[in-house]
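Walk through this two-chain model from its overall build to its contacts. The structure comes next.

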Amino acid sequence: MRKVGVFICHCGINIAGSVDVDKVAEDLKSYPGVAFATTYKYTCSDPGQQIIKDAIKEHGLDGVVVAACSPAMHETTFRRTAASAGMNPYLLECANIREQCSWVHQSDKARATDKAFYTIQSMVEKVKRNEALDPLSLPLTKKAMVIGGGIAGISAALDIADAGYPVILVEKSDHLGGKMANLSGTYLNFTGAPDLLHRRIDRVLNHPKLEVKVKAEVEQVDGYVGNFKATVRTDGQTQAFDVGAVVAATGYQSYPQSRLPEYGGGTIPDVIDGLTFEAMLAPGAKVQRPSDGKTPREVVFVQCAGSRDPEHGVPYCSKVCCMYTAKQAMLFKERVPHGQAYVFYIDIRSAGRGYDEYVQRAMTEARALYLRGKVSKIFQDGDKVIVWGSDTLSNRAVEIAADLVVLATPMAAPEGAKELAQRLHISTDADGFYNEAHPKLRPVESLTAGIFLAGAGQGPKDIPETVSQAGAAAAKVLQLFSHDEMKAEPTIAQVIPELCAACGLCVKACPYGARQIDEILEVATVNPELCQACGACAAACPNKASVVRNWTPTQILFMADVLV
Amino acid sequence: MSLFTHRFSLIGGNMIDMTLQQQVNALAHETIQLCYHCHKCTAGCPVAQDMLHGPDILLRMVQLGQKQAALTSPDIWLCAGCETCGARCPNDIDIAHVMDALRQIAVAEGVKPAVPNVKRFHDIFLTVVGLTGEMHEAGLMGAYELLSGDLFKDPSIMALAANLFVKGKVPVIPQFSKNRDRVKRVLEMTRRQGDKVTR
């Protein structure tokens, strides 16, 4: 007969305020199987945990029920406590008498106390029948794949490779550097972007732990965290790689300006987009009108050309345009000192250290004239491009006959992003940007374990943010690789082979793809990496051959017996 | 000289002169491009409700080179010079100083003041100071009343004047300061400085 110890927590007044914990403990002392029952103010505290440890040793307990808050809070904590006292951690269970009892029945103390009593009792019945289990060890391939060779991919790859792990970097185009390679300079400090980038690219190409594949595309990524199989196609040939983690750093593309016909996008030659103007501002290049090659004197910059515009399919803000427009206005003034830049904006988004001061410099030093209003129409008139905009600050409509117009078009997800996401088994939002596991607290993890996100593929962002995110993704990969093997919870489904008829119903029922039929042994198998212990297989199996460990039908029936 | 012979105008309307901003910046020693139109100045201006545009919109007109509108606005003459705007501006722009600069430019370019009595008062005040080297209130009031017809319209001002006169606070005979010449020189030098920038 198991000797179960029951530890009821007051949780200050959180539980004790509604539940008479002393009475419950007293009543449980005489329950068959309970060898010891006590209460304590804050069981999760050090002295509280010590009580559990002491009781395990003193009374030779081989089962523990901690009646306190939700197991989501402290199950791990208490299981570690039990392990440190020499008891198998899976012989410890938490009975939730706070969130699901005292907190919701504050007005009826008598019934709350009763409910707590029965809840704990049912958990005692479960623990009496728990198996002592050991965490599962799963193999781990300590090699990473980084998809995308722009600044995000390069940074992540270097961070991982510098830590000593092999990395394979896959890039779709024929060169590394992504969009950053096309920039004239970076905002804030104007250092030639090419220089910054070339040093990194050199390191990547010469790194002993980095293998680079250009003109290569990822066809498929199968498997699970620690054990992915990725197929890469280069020049028509496919190659398979075994990797333990994947970083998706596939970047962005510029929204096609032909989707802005009211701005003459795609039809008026002297209406260009931000990236095109960047190329003209690069050292050694010329600022000139595409139509006749003359130097433009009056340049109109149109911010929010498509962004923040649900009607154009881009409801979001592209984040970087306010800053790069200010940069371009300043660089333009340097190149064409007698020129004049006009910037049409609706807001100035310059959040970041030194960002707002930077934009102010465009207004003071480069004397760019900032006009607050959205541009309505852009059309050709002779050799000039007429811009009809507005200035809400003076409540007037403004017309400018420009030599060149630069549209700050949105940062969009690259073509084929949704399809690639499917091949990686990760999800995107409606705009094609990868979804992170939690927007606030888990910004670099996808919802698929082992696949991490970095850079503009996850949403518009600039270079400093991209580099930060790449470092964070690399840290997650290194976290994974820092263990020699992966530990998984053993409370997953198992197959009783004598009862299994290999009918395959569990395979169909499993939402996680964790079940397979072993055709030689003619029995179903469980993939411990993927099984989430949902119990669908247990419900589906007609022979009761599928059982979730420590949640067996017997246990559940005994628990139900107490409660019903 | 305007560099902008190309079209930068209000739709269907007047051309815009970008040099006005530079002129005002030079006169007022300010950088009015920094104004981001938060309206804090207008919100705190004690005479804003009597103005046509308010200090913020007026500054926008200067930024956009709407010269005619700015110089013919009554706002520049109604400004009391209390400097509440300048004290509160997050970008440290002294709008009162900008108003002063606009007044100077308006006078230099011969633009008829939108509130003539304010200019009259300025002129009479400075004339009296130039003549006596100090202030002669009776002379100022008398001359202002003659030229504007303003004072006698308001009975409360007349009552106040009478009260002060009876108490001997308003001497009829002007006092001439012995530093009269120096004061005159200061006025001339200031005028010449102003002319250098406005012309």
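Domain bounds here come from an automatic or database domain assignment. On that basis, chain B splits into domain 1 (19-108) and domain 2 (116-198). This is a predicted model, in which local features need pLDDT of at least 70 and side-chain atom pairs count only at pLDDT 80 or more, while totals for chains, interfaces and linings use all residues. Residues are numbered from 1 along each chain as its sequence is written, and chains are lettered from A and ligands numbered from 1 in the order in which they are written.

Take chain A as a whole. Chain A has 15 helices and 28 strands; helices (H or I, at least four residues) and strands (E, at least two) are DSSP runs, numbered from the N terminus. Its radius of gyration is 32 Å, well over the 24 Å that the globule rule gives for 564 residues, so chain A is more spread out than a compact globule. That radius is taken over C-alpha atoms, and the globule rule is 2.2 Å times the number of residues to the power 0.38. Along the principal axes, the C-alpha atoms of chain A fill a box of roughly 95 × 60 × 40 Å.

Burial comes next. A residue is buried if 20 or more other C-beta atoms lie within 10 Å of its own, exposed if 12 or fewer, and partly exposed in between, with C-beta atoms placed from the backbone. By this count, 45% of the 564 residues of chain A are buried. Two residues are in contact if their C-beta atoms, placed from the backbone, lie within 7 Å. Of the contacts in chain A with a separation of 6 or more, 67% join residues 24 or more positions apart.

Now look inside. A nonpolar core is a set of buried Ala, Val, Leu, Ile, Met, Phe, Trp, Tyr and Cys residues joined through C-beta atoms within 7 Å. The largest one has 113 residues, and Ala156(A), Ala157(A), Val246(A), Val247(A) and Val405(A) have the most contacts inside it. Helix H9 (residues 321-335) of chain A gives the largest share of this core, nine residues. Domain 2 (144-252 + 413-481) and domain 3 (256-411) of chain A both give residues to this core, so it lies between them. Apart from it lies another core, of 42 residues, among them Val6(A), Ala55(A), Val64(A) and Ala82(A).

Val247(A) deserves a look. Not counting residues up to four places away in sequence, Val247(A) touches Ala144(A), Val146(A), Ile147(A), Ala156(A), Phe452(A), Ala454(A), Ala473(A) and Val477(A).

Two strands pair if DSSP finds at least two bridges between them. Strand E9 (residues 216-224) runs antiparallel to strand E10 (residues 227-234), and eight bridges join the two. Gly223(A) has Phe228(A) in E10(A) as its bridge partner. E9(A) and E10(A) form a hairpin with two residues between them, and Gly226(A) in the turn has a positive phi of about 90°. E10(A) then pairs with strand E11 (residues 237-243) of chain A, again antiparallel, through seven bridges. Here the bridge partner of Arg233(A) is Thr238(A) in E11(A). This hairpin of E10(A) and E11(A) also has two residues between its strands; Asp235(A) in the turn has a positive phi of about 50°.

Chain B has another make-up. It has eleven helices and one strand. From the N terminus on, the order is β-α-α-α-α-α-α-α-α-α-α-α. Its C-alpha atoms fill a box of roughly 60 × 35 × 30 Å along the principal axes. Of its 199 residues, 25% count as buried.

How far apart do the C-alpha centres of the domains of chain B lie? Those of domain 1 and domain 2 are 26 Å apart. Their contact takes six residues from each of domain 1 and domain 2 of chain B. On the domain 1 side, helix H1 (19-28) and helix H7 (95-108) each supply at least two residues. H7(B) gives the largest share of that side, three residues.

Finally, the chains meet. In this contact, 15 residues of chain B touch 16 residues of chain A. On the chain B side, strand E1 (8-10) and helix H3 (55-63) are the elements that give two or more residues. That side divides into eight nonpolar, five polar and two charged residues. Ala, Val, Leu, Ile, Met, Phe, Trp, Tyr, Cys and Pro count as nonpolar, Asp, Glu, Lys and Arg as charged, and the others, Gly among them, as polar. Strand pairing crosses the boundary too: three bridges join strand E20 (residues 396-402) of chain A to E1(B), and the two run antiparallel. Glu399(A) stands opposite Ser9(B) in E1(B).
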